[in-house]
Amino acid sequence: MALKQFKAESKRLLDLMINSIYTHKEIFLRELISNASDAIDKLYYQTLEMGDTGLDRSDFAIEVAVDREARTLTITDNGIGMSKEELDNNLGVIAKSGSLQFKNEKEQKEDIDIIGQFGVGFYSAFMVADDVKVESRAYGSEESWCWESKGLDGYQISPSGKESRGTVITLHLKEDTEDEQYGEFLEQYRITSLVKKYSDYIRYPIRMELQKSRLKEGTGKDGKDPEYESYFEVETLNSMTPIWKKSRSEVSDEELNAFYKEKFYDWQDPVKVIRTSTEGAATYSALLFIPKTAPMDYYTREYEKGLQLYASGVMIMEKCADLLPDCFSFVKGLVDSQDLSLNISREMLQHDRQLKLIAGRLEKKIASELSVLLQNDREKYEEFFKSFGLQLKYGMYDNYGAKKEELKDLVLFYSSTEKKPVTLKEYVSRMKEDQKFIYYGCGETTERILQLPQADAIAEKGYEMLCLTDNVDEFALKILEKYEDKEFRNISSDDLQLQSEEEKKASEQLEEDNKELLTCMKESLEGKVKDVKISGRLKKHPVCISTDGMISTEMEKVLNAMPAQEKVKAQRVLELNAEHPVFEKLRSLYPHDKDRLKTYAELLYDQALLIEGIAIEDPVAFSQKLCEIM
Ligand SMILES: Nc1ncnc2c1ncn2[C@@H]1O[C@H](COP(=O)(O)OP(=O)(O)OP(=O)(O)O)[C@@H](O)[C@H]1O
């Protein structure tokens, strides 16, 4: 059977090319400038191959010009140009890329940086123009030709009078509509900012004659009013050499900081600049910055993480989210790689191994740089942690703790004994010989945690306690389970293992001796507590709440504050200090005055809740009871 060829409805295809593959019309300029740069590259390499032809790299340039009256935008290059056949083949055949072909033929050349590969970018001009004219004169040719098209209906090629080598593309911009202001591409600020945004690192100068304003000579001084005049000046719009491609010795810290502030709209220097480049399985350069403070919207849904992505000097994506894990979403910066499989529109990447590989390496690099900062510049790290520590702790907890190992040495918690933030490693290194657990307390502020009745016993033993003040903290530690084989323990949990065997026995005896009193109190607090016990930990305070089981009162608070969450309840235990005068009072009430004992039990329970920072159920009743006994 004969093999049949697919046919394409070329008008339809062109329509798709023009209108469906790009989301932003503005990228047409990037595409045309990239073509101009490719054309110059080709000529440059060709002349290199041919030996000296008198052409120098500095002779090459790309020019952009606007004519508001004629409503045209022109892009001129002095690159390799196109012959009549090339105009026909390259611009008349969709998806034919002369650039890709050129690149493939020269594959052995190392630093060839040709951008084009799909053979479609040129057609993006029709998103904004209703007439496109390409006048071109191929290098070394005697003739020049003009290709012209109004879009879907086809194109014409006719002789042109272009005298110099290269290509001039003239776009006649579409009329403005209610939805689209094509005229904006005639504004110089729009053109200059588009060049900066997408084509800043094109290797050849992109020049434009800009209209400027200056003080008229002789005015503005000696009592004369200032008068201004406009004048024209040709300016190079792009910076050409990417700062990340310069060697370390060529770029000062100040330059890097200035670059960061300008590109990423920050007014402060970053706390850390990370430069990295790799060759091999994935070839890329990255320039990353860790900001000093979190942007206003950082901890909101509006914040978008991501790194800028460049391919061969052209900006492809402003925020490539896949390059950063959530735990490091605060990192700003860019990645430049030639190896990425771009999507035809250059707006997306194919989710390939390459991208994953780069993302994985960057993640490791960021983690190791943070760890170096922590070791070498504690003050700076603490400053950083104030802004982004919360994110690292979320990162530990997120995704069932998938990144907990990577992050556990980067988090800090305030220490009760050191009176400053410490790492888990530091805590463990200071643990007392007989100390079993890493103790922590939870609350709104460190001051309140330090005042918790449960903290007294820890302090008395000379143990260190971590103060957890962010909602996520306890969850992060719970998911970590252990650090260097040491379990974490909330100071409010029922089993702190602080008592010696003798002390334990004494408590059990006391418990036994007061069994009926405790049972009576438990019945008075029916539904509120799981148990009423003699405490082994209280020193100064008469009562405290401890919890039995996985959920602490702090976790209960956090979980119940979440809108869709099913309500949870910590298993509360009311602990009594048998050494406290209040306990004597309780003993004196039982069994003669059970009503009063009930009131006391309720008051003490509410009091314990207040100390924990938990709202009491019925403040009015609490106040009445208090007055009653007064
Ligand atoms: N200014 C120019 N000078 C010389 N040749 C050009 C110029 N502009 C376009 N061409 C030729 O036309 C071809 C098609 O251009 P087009 O922009 O459609 O695709 P591309 O640049 O090859 O690929 P991509 O779609 O990835 O940008 C190019 O490969 C190149 O051979």
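Start with the largest nonpolar core: of its 121 residues, select Ala125, Val128, Tyr440 and Met465, which touch the most other members. A nonpolar core is a set of buried Ala, Val, Leu, Ile, Met, Phe, Trp, Tyr and Cys residues joined through C-beta atoms within 7 Å. Buried means that 20 or more other C-beta atoms lie within 10 Å of a residue's own, exposed means 12 or fewer, and partly exposed is in between, with C-beta atoms placed from the backbone. Helix α2 (residues 27–50) gives this core its largest share, 10 residues. Helices are DSSP runs (H or I, at least four residues), numbered from the N terminus.

This is a predicted model: local features need pLDDT of at least 70, side-chain atom pairs count only at pLDDT 80 or more, and totals for chains, interfaces and linings use all residues. Residues are numbered from 1 along each chain as its sequence is written.

Next, select helix α8 (residues 378–401) and helix α13 (residues 473–480), which pack at about 55° with axes 8 Å apart. Axes are lines fitted to C-alpha atoms over the stretch in contact, and angles run from 0 to 180 degrees between N-to-C directions. The angle therefore makes α8 oblique to α13, a term for angles that are not under 35 degrees (roughly parallel), over 145 (roughly antiparallel) or 65 to 115 (roughly perpendicular).

To see the contact, show Lys393, Met396, Tyr397 and Gly401 in α8 with Asp473, Phe475, Ala476, Ile479 and Leu480 in α13. Contact means C-beta atoms, placed from the backbone, within 7 Å.

Last, select Glu628 in helix α19 (residues 619–629). Glu628 is exposed because 10 other C-beta atoms lie within 10 Å.

Notes
Helices (H or I, at least four residues) and strands (E, at least two) are DSSP runs, numbered from the N terminus. Two residues are in contact if their C-beta atoms, placed from the backbone, lie within 7 Å.
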